[in-house]
Amino acid sequence: EEEARSTVELLKGKCFRHENEQSWITADASSAEESLIVEIAHKEVLSDEEKRLKYETKAMKEIEDPKERQARCQQQRRNRLIAYHEQLEASVQRENRELLVSSQRLESMRNRMRENNRCMECWMLHKQCICTTTPPELSALFHHKTIVYLHSKEYGRLSNTGSIIPIAFPPPQSQIYVADVEEDEKKFHEALSANADRTFVLFPSEKSVTVQEMMETLNSTEKVQIDSASHETTRR
């Protein structure tokens with residue numbers, strides 16, 4: 001072992017990690033024995049108890065039914081989530097809890113997107129990015145501002161097509177704001193306050209109206225305002 005360690009010192013910078021990530025193989029070893037020495041020197045050293053546990057875990061994975069394994073992993077995730085929320089309840093005030101969870105969830109998703117080589121704008125893989133495929137004249141034909149208001153669980157999901165809106169109509173013509181994220185909430189409410197009388201929610205429900213009905217209501221309201229202003233001017 002001592003000879004192997006000294007060989008490792010001599011070959012530092014001339015090795016690469018083997019596929020099993022438990023040993024190193026020399027890139028320019030002069031003999032097979034030299035490579036073998038380096039590999040042996042870096043092999044994982046486990047106690048008898050650790051070897052037994054590792055063997056049992058490996059054997060269980062090999063014989064375990066895939067559905068049972070999936071159910072076990074899901075239960076482990078649920079247990080971790082329950083423990084995390086219990087820790088939150090003990091350490092964070094109720095009014096700040098959702099803000100903290102949403103911010104952490106958003107940051108976690110952004111980190112995963114970077115690690116998976118995904119575009120931060122359209123959320124697609126970089127090789128499938130659609131950010132430059134939208135005709136620039138498209139936004140010139142659209143004379144409205146659009147806000148996409150998302151739950152933090154929806155951010156980054158490819159099934160959520162709301163991410164395409166800022167691609168077609170770049171900021172400031174459209175924006176994405178995530179619910180219960182403090183900075184986004186502030187900007188969202190500022191945008192609503194600045195256009196309170198001309199803001200509409202696009203949402204399917206029994207009380208929804210068509211665009212034509214909305215425009216008729218809007219035009220009639222503006223006409224009443226203009227007539228009132230004219231009448232006031234005439235009186236003066």
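The largest pocket in this predicted model is lined by 35 residues, and K145, T146, F200, V201 and L202 lie nearest its centre. Its volume is about 1500 Å³. The second largest pocket has a volume of about 410 Å³, and the largest nonpolar core holds nine residues.

**Largest pocket**
- Two or more lining residues come from each of β3 (146-150), β4 (174-178), α8 (182-194) and α9 (211-235).
- By residue class, the lining of the largest pocket consists of 22 nonpolar, eleven polar and two charged residues.

**Second largest pocket**
- The volume of the second largest pocket is about 410 Å³, and R110, E121, P171, Q175 and I176 are the closest to its centre among the 17 residues that line it.
- The elements α7 (165-168), β4 and α8 each give two or more residues to the lining of the second largest pocket.
- β4 supplies the largest share of this lining, with five residues.
- The lining of the second largest pocket divides into ten nonpolar, two polar and five charged residues.

**Largest nonpolar core**
- The members of the largest nonpolar core are L106, M109, M113, W123, V148, L150, Y155, V178 and V181.
- α5 (94-115) and β3 are the elements that give two or more residues to this core, and α5 gives the most, with three.
- Leaving aside residues up to four places away in sequence, L106 touches Y155, V178 and V181.

Note on methods:
Residues numbered from 1 in each chain as written. Predicted model: local features only at pLDDT ≥ 70, side-chain atom pairs only at ≥ 80, totals over all residues. Heavy atoms only, no water. 1 Å grid on protein atoms, 1.4 Å probe; cavity = no way out; pocket = protein on both sides within 12 Å on 5 of 7 lines; lining within 4 Å. Points joined across faces, edges and corners; volume = space filled by probe spheres on them. Helix = DSSP H or I, 4+ residues; strand = E, 2+ residues; numbered from the N terminus. Nonpolar A, V, L, I, M, F, W, Y, C, P; charged D, E, K, R; others polar. Core = buried A, V, L, I, M, F, W, Y, C linked by side-chain atoms within 4.5 Å. Buried < 20%, exposed > 50% of the residue type's maximum accessible area, 1.4 Å probe, protein only. Contact = heavy atoms within 4.5 Å.
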